[in-house]
Amino acid sequence: MRIVIVEDSALVRDHLLALLGAQPGLEVAGYAAGEDEALRLIAAQRPDVVLLDLALSPGSGLSLLKRVRATPGLAPRMLMLTNQPADPYEALCIAAGADGYFDKCGDLNLLLAKLASWMPPVPLNEPARSERLHGLQILDTPADESFDAIARLAAEVAHAPIGLVSLVDERRQWFEARAGLEGTQTSRTASFCAHALLGDGLFEVEDAWLDARFADSPLVRGEPGVRFYAGMPLVMPSGEVLGTLCVIDHQPRRLDDKQRFALAVLARSVIIELELRQRVQELESEVLRRHEAEARIMQLATRDALTGLPNRAALMDRLHQGIKQAQRKGTMLGVLFLDLDRFKWINDTLGHDAGDAMLQAMAARLSGVIRESDTVARLGGDEFAVILPDLHRVEDAESVAAKILDSVLAPMNLRGHSLHVGGSIGLAVYPQQGTSEEALLRHADLAMYHAKESGGNRYQVFAEQMNARAVERMMIESELRQAIDAGELELHYQPQIALAGQGLGGIEALVRWNHPRLGQLAPARFIQLAEDTGLIWPLGLRVLDLAVAQMAAWQREGLAVPRIAVNVSPAQLRPELIGEIESVLQRHGVAAERLEIELTESALTADGPAVNGLLQALRRMGVSIAVDDFGVGYSSLTLLRRLPISALKVDRSFVTELAWNRQDVAIVEAILAMAHSIGLRTIAEGVEQVEQKVALSVLGCQEAQGYLYSKPLDAAATTAWLRTPAGCAGDDGRLARVAA
């Protein structure tokens, strides 16, 4: 119900606004204070009801009432509000055409009751009915000839001037089709059709002037001047009544049986048309849904979800097309394979969200430095590939590789951190280094590994000898799997000598592979391969078992070895490592205090909290922990303070020139001072000269190992040295003489 308030008191007006706003179905269409202003508002809004103050300033409520009633076609229900005595004003207002008279300063419940009496009935299934109506998406749509024809035919059959297809929503009736009427809608409150929603048969009003429900309706007293109404409900098969097919006359009358039957048939035609439209909409929605699903499937099939770049499948397709195009044009095509460095470190230290953000930023960088015709794709993890079509020289591809590498190496600001991400790039060019998609990608991948093994942060063009190296790598991987169980791994041992008293501080166990074809292989030939393939876990457990078993053998022979140090890869830092160490110590009867685990600096930054917990558990067992090759990685001094470290091993690169290089002296002195200040034992690696030993002693290093004392020796040679009286004294050169 649409209401206009005419009241010159702001206090009363605001009270009425609050009162009406709290009632469902009531809507204030506007308000005015003066007579002329109110008349213009009522004429413009065509409300169902006007609440009119008897005393206006300027003007008069009674005067406005008379002017509204005298305006042709304007016939809202009008309720007078006053604080004047009822007599004689009430009689004057009723005589002038008022529909009610209320004390605005008293109880307004009577006013609300009067408004409620004009509200049309609401079907019990109103929510479902409204949902079905809106689901058809037919409200407020342009005129449709099929519905207009039905409305005209209904008017002709009933010999009525007006025929309508009327749809009733929450607040109005809207004419989907109309014949003989200009307006497109009226309020639901004033409509006859709202009453027709309650049944499934014809709703007929022979003379609205004589029907108490409609006699004072604006549609009866004003335009269009309804006297006769007949509406056939539009009932959907599921039972919802959406509106009516109705006819209207300005004279009282009734329909005969043939006209009623004709209206029923025509109403059914409207329903059929609505059902057809609904089915068309459902089909269109299904088609749209399928198109969207297909597009989504295509997106998932061809795009990387994180970066939005083409994925491997899309890359292979574009590479196939690029090769065909290069064949036709007689041009070259370049394939770059990029692997980022330190991505795992970023993931482990800053979190996976930061790692994802870094990959997204890197994808944007790469896309920004290539041509429009080029393709950059993410293959997974931290690997990217780039296709470069329409090349004329291999040098053109190298130029792009250099540009991409510069982009990768540029500092990256990420969540408050300035990161330096390195990368290695492999390059293969069609047709010189491959004529198929698989060959080009494989060769670019091999070249990338060669660049990484050469130190990283560079690009490498594929060369044929890399294939032979890859084949050898595959063979070594296969043979390494067998070697772990076949007893081909053995340990060599290198002493750690106490510099102050020349006593034996400990022995480091170093793995060797007695390869049946290639001879004895140093760790550099197979440890990285073991880490890449996951073989490092069984290999590491085998090394641990051999080392602790040898320690037990020395114990049984009464040979004094304070501790044995075993290298542990970051890939071995799993929770189950604790149980494996406990098991091997118990099996061989060796105290945990006799075992030292050596970790690289990179291991300290891998999954910080988890590694810290694991190391704490090992220290509680009694196992000591040393940081190997200290000074060449990225570990934080804060990490050393937080983690339960026992010893630092100064990297050999700082020892080599220690006797004459002041910078190395300063660095080693700083490392030793820092280590001693937090209670860490210090060991220098790579000691080969007496001058180096002297410098380390002066600087305060506690232990040393290197060729000055001995190269790594097998178990028999080490045992022989330990049996000599001077063995535990660590006499310089003693092990070397025994080995000889």
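The legends below describe close-up views of a predicted model.

**View A. Packing of helix 11 against helix 15 in the predicted model.**
Helix 11, which spans residues 312–329, packs on helix 15, which spans residues 437–453, at an angle of about 115°, and the two axes lie 9 Å apart. That angle makes helix 11 roughly perpendicular to helix 15, and the crossing of the two is right-handed. On the side of helix 11, the residues in the contact are R312, L315, M316, L319, H320 and I323, and these meet E437, E438, L440 and L441 of helix 15. Sorted by class, the residues of this contact comprise 6 nonpolar, 1 polar and 3 charged.

**View B. Packing of helix 18 against helix 19.**
Here the axes of helix 18 (residues 536–556) and helix 19 (residues 576–588) come within 9 Å and cross at roughly 30°. Because angles under 35 degrees count as roughly parallel, helix 18 is described as roughly parallel to helix 19. The crossing in which helix 18 passes helix 19 is right-handed. From helix 18, the residues W537, L541, L544, D545, V548, A549 and A552 take part in the contact, where they meet E576, L577, E580, I581, V584, L585, R587 and H588 of helix 19. The residues of this contact divide by class into 10 nonpolar, 1 polar and 4 charged.

**View C. The second largest pocket and its lining.**
The space in the second largest pocket amounts to about 720 Å³. Its lining is made by 32 residues, and those that lie nearest the centre of the pocket are R46, Q185, T186, L219 and E223. Two or more lining residues are given by each of strand 7 (172–179), strand 8 (185–187) and helix 9 (218–221). In terms of residue class, the lining of this pocket holds 16 nonpolar, 8 polar and 8 charged residues.

**View D. The cis peptide bond between S57 and P58.**
S57 and P58 are joined by a peptide bond in the cis form, for which omega is about 0°. P58 belongs to the loop that runs between strand 3 (49–53) and helix 3 (61–70).

**View E. The cis peptide bond between Y430 and P431.**
The bond that leads from Y430 to P431 is likewise cis, and its omega is near 0°. P431 is placed in the loop between strand 17 (423–430) and helix 15, the helix that also packs against helix 11.

**View F. Positive phi at D140.**
D140, a residue other than glycine, has a positive phi with a value near 60°. This residue is found in the loop between helix 6 (126–135) and helix 7 (145–158).

**View G. Positive phi at D390.**
D390 is a residue other than glycine whose phi is positive, with a value near 55°. The position of D390 is within strand 14, which covers residues 383–391.

Technical notes
Residues are numbered from 1 along each chain as its sequence is written. This is a predicted model: local features need pLDDT of at least 70, side-chain atom pairs count only at pLDDT 80 or more; totals for chains, interfaces and linings use all residues. Side-chain values use heavy atoms; hydrogens and water are left out. Axes are lines fitted to C-alpha atoms, for helices over the stretch in contact, and angles run from 0 to 180 degrees between N-to-C directions. Helices (H or I, at least four residues) and strands (E, at least two) are DSSP runs, numbered from the N terminus. Angles under 35 degrees count as roughly parallel, over 145 as roughly antiparallel, 65 to 115 as roughly perpendicular and the rest as oblique. A crossing is left-handed if the near helix is turned anticlockwise from the far one by less than a right angle, and right-handed if clockwise. Contact means heavy atoms within 4.5 Å. Ala, Val, Leu, Ile, Met, Phe, Trp, Tyr, Cys and Pro count as nonpolar, Asp, Glu, Lys and Arg as charged, and the others, Gly among them, as polar. On a 1 Å grid over the protein atoms alone, a cavity is a set of points where a 1.4 Å probe fits but cannot get out, and a pocket is an open set with protein on both sides within 12 Å along at least five of seven lines; lining residues have an atom within 4 Å of a point. Grid points are joined across faces, edges and corners, and a volume is the space filled by probe spheres set on the points.
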